[in-house]
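Dear colleague,

Please find below the structure that I am handing over to you.

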Amino acid sequence: MQRIKPAWRTHWFRAKVLGHELLGADVLQLDLSPEKAWPQAIAGQHVLLTVEINGRLMTRPFSISSAPEQSCSQYPKKHVIRLTIKTHVEGAFTAKLLANIATGGYVNLSAPQGEFILSESVLTQPSTPLWFVAAGSGITPFMAMLNQLALLPHQPQHPIQLVYFAKAGEHLYVDELMALQQQLSQFQVQLLIRKNGHNLTDALSTCNVQSQVLICGPSQFKDDVDQQLDVMKHPKAQRQAEFFQAPTFAQTAAGEQHVHLSQRGQTSQLVLAAKDNLLSGLEQQGISANFGCRIGVCHQCQCVKKSGVVRNLRTGELSQPGEQLIQLCISQAVTPLELEL
């Protein structure tokens with residue numbers, strides 16, 4: 001099927017692009033309508049979004065920023081999910097995303113993933129204070145959770161605090177947060193800017209040891225929040241975190257990389273020399289793979305990299321860590337890989 005229609009994926013779902021909106025110079029909101037078979041998400045989960053960019057299928061994870069049952073006045077008869085995407089000028093995916101999607105077109109989605117969700121205890125224990133602590137685009141999973149709480153048949157009785165740091169003028173969904181503050185009587189918002197002197201010590205000063213704290217933002221921000229909560233003797237068992245950071249490229253001491261390989265329904269764990277191209281490395285392990293020219297022209301050795309980073313030996317370019325099509329003969333493992341032949 002992939003030879004006939006390269007964008008086709010097993011275990012993935014098609015989603016129609018209903019519309020998109022720029023929320024600022026570097027933030028894109030994408031409204032998608034998944035096919036009926038797509039499993040229902042839980043607020044706080046993310047999906048892998050796959051888009052064809054310059055002839056390559058590229059995949060990145062993004063949190064869903066709408067509640068599972070949230071209605072949309074623009075598309076009242078459709079199941080709509082909202083992705084809020086921070087773009088980067090030099091990004092291989094986000095910088096080119098807007099030019100490679102069109103309203104009415106289709107993209108691929110994974111099933112919802114992730115355990116960064118509200119626990120049943122938070123929803124059922126009215127005395128447990130709930131704290132959301134976000135920085136920048138880390139607000140996205142909290143928008144889904146807050147909208148979910150607003151849709152509950154009974155008002156939450158526990159205090160809900162949102163501590164949201166961003167640069168001046170870059171807080172997202174401010175109007176929506178103000179509306180949610182009106183809907184949820186226990187909900188309070190702190191929109192904070194470090195350059196204005198706002199800090200975590202003051203922002204978290206009323207957080208007690210019974211509070212459930214959820215943290216989302218860059219890895220350094222998550223570490224700063226943890227450090228402040230440690231000073232306050234807040235128990236780690238009462239915290240959940242989701243954070244983003246640049247990938248690290250680590251090899252084994254022997255200059256090898258581990259490869260998880262799926263081929264015709266069979267899986268195997270391999271260790272390949274990092275200096276070899278993947279096609280040669282697989283052949284040395286007795287693995288047969290399709291190939292043709294062996295110089296990156298014919299694309300007969302194309303396969304799906306499910307995860308990990310490879311180097312293109314023709315250009316020196318490093319791939320992104322998500323799923324994409326690669327050519328075995330001109331790809332070299334930089335990190336542990338998961339491949340599907």
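The notes below begin with the chain as a whole and then turn to its strands, a cavity and several individual residues.

Please keep in mind that this is a predicted model.

**The chain as a whole**

The secondary structure of the chain comprises seven helices and 18 strands. Along the principal axes, its C-alpha atoms occupy a box of roughly 65 × 50 × 35 Å. The radius of gyration of the chain is 22 Å, which agrees with the value near 20 Å that a compact globule of 341 residues would have. Of these 341 residues, 47% count as buried. As to contacts between residues at least 6 apart in sequence, 67% of them join residues at least 24 apart.

Strand β3 covers residues 46-53 and runs antiparallel to β4, the two being joined by eight bridges. Strand β4 itself spans residues 56-63. Within this pairing, Val47 is placed opposite Phe62 of β4. The two strands form a hairpin, with two residues between them. Asn54 belongs to the turn and has a positive phi of about 55°. Strand β4 is mostly covered, as six of its eight residues are buried.

Thr50 is a residue of strand β3. Is Thr50 buried or exposed? Its relative accessible area is 2%, and the limit for a buried residue is under 20%, so Thr50 counts as buried. When neighbours within four places in sequence are left aside, the contacts of Thr50 are Trp12, Leu57, Met58, Thr59, Val107 and Asn108.

**The strands around β14**

Strand β14 (residues 302-307) pairs with two strands that I would point out here.

**The cavity**

How many cavities of 30 Å³ or more does a search of the whole structure find? The search finds one. The volume of the largest cavity is about 40 Å³. Its lining consists of Gln40, Ala41, Ile64, Ser66, Ala67, Pro68, His79, Val80 and Ile81. Sorted by class, this lining has six nonpolar residues, three polar residues and no charged residues.

**Two residues with positive phi in loops**

Tyr173 is not a glycine, although its phi is positive, at about 55°. Tyr173 sits in the loop between β8 (160-165) and α4 (174-183). With a relative accessibility of 12%, Tyr173 falls under the 20% limit and therefore counts as buried.

Lys233 is a further residue other than glycine with a positive phi, here near 65°. The loop between α6 and β11 holds Lys233. At 68% relative accessibility, Lys233 lies over the 50% limit and therefore counts as exposed.

**Two partly exposed residues**

Pro235 is likewise placed in the loop between α6 (219-231) and β11 (239-244). Its relative accessible area is 30%, so Pro235 is partly exposed, a class that lies between the limits of 20% and 50%. From C-alpha to C-alpha, Pro235 and Ile64 are 28 Å apart in space, and 171 residues separate their positions in sequence. Ile64 is also one of the residues that line the largest cavity.

Ala95 belongs to helix α1, which is made up of residues 94-97. Not counting residues up to four places away in sequence, Ala95 touches His88 and Val89. Ala95 and Lys167 are 72 residues apart in sequence, and their C-alpha atoms are 21 Å apart in space.

With kind regards

Definitions and conventions
Residues numbered from 1 in each chain as written. Predicted model: local features only at pLDDT ≥ 70, side-chain atom pairs only at ≥ 80, totals over all residues. Heavy atoms only, no water. Buried < 20%, exposed > 50% of the residue type's maximum accessible area, 1.4 Å probe, protein only. Helix = DSSP H or I, 4+ residues; strand = E, 2+ residues; numbered from the N terminus. Pairing = 2+ DSSP bridges. 1 Å grid on protein atoms, 1.4 Å probe; cavity = no way out; pocket = protein on both sides within 12 Å on 5 of 7 lines; lining within 4 Å. Points joined across faces, edges and corners; volume = space filled by probe spheres on them. Nonpolar A, V, L, I, M, F, W, Y, C, P; charged D, E, K, R; others polar. Rg over C-alpha atoms; globule rule 2.2 N^0.38 Å. Contact = heavy atoms within 4.5 Å.
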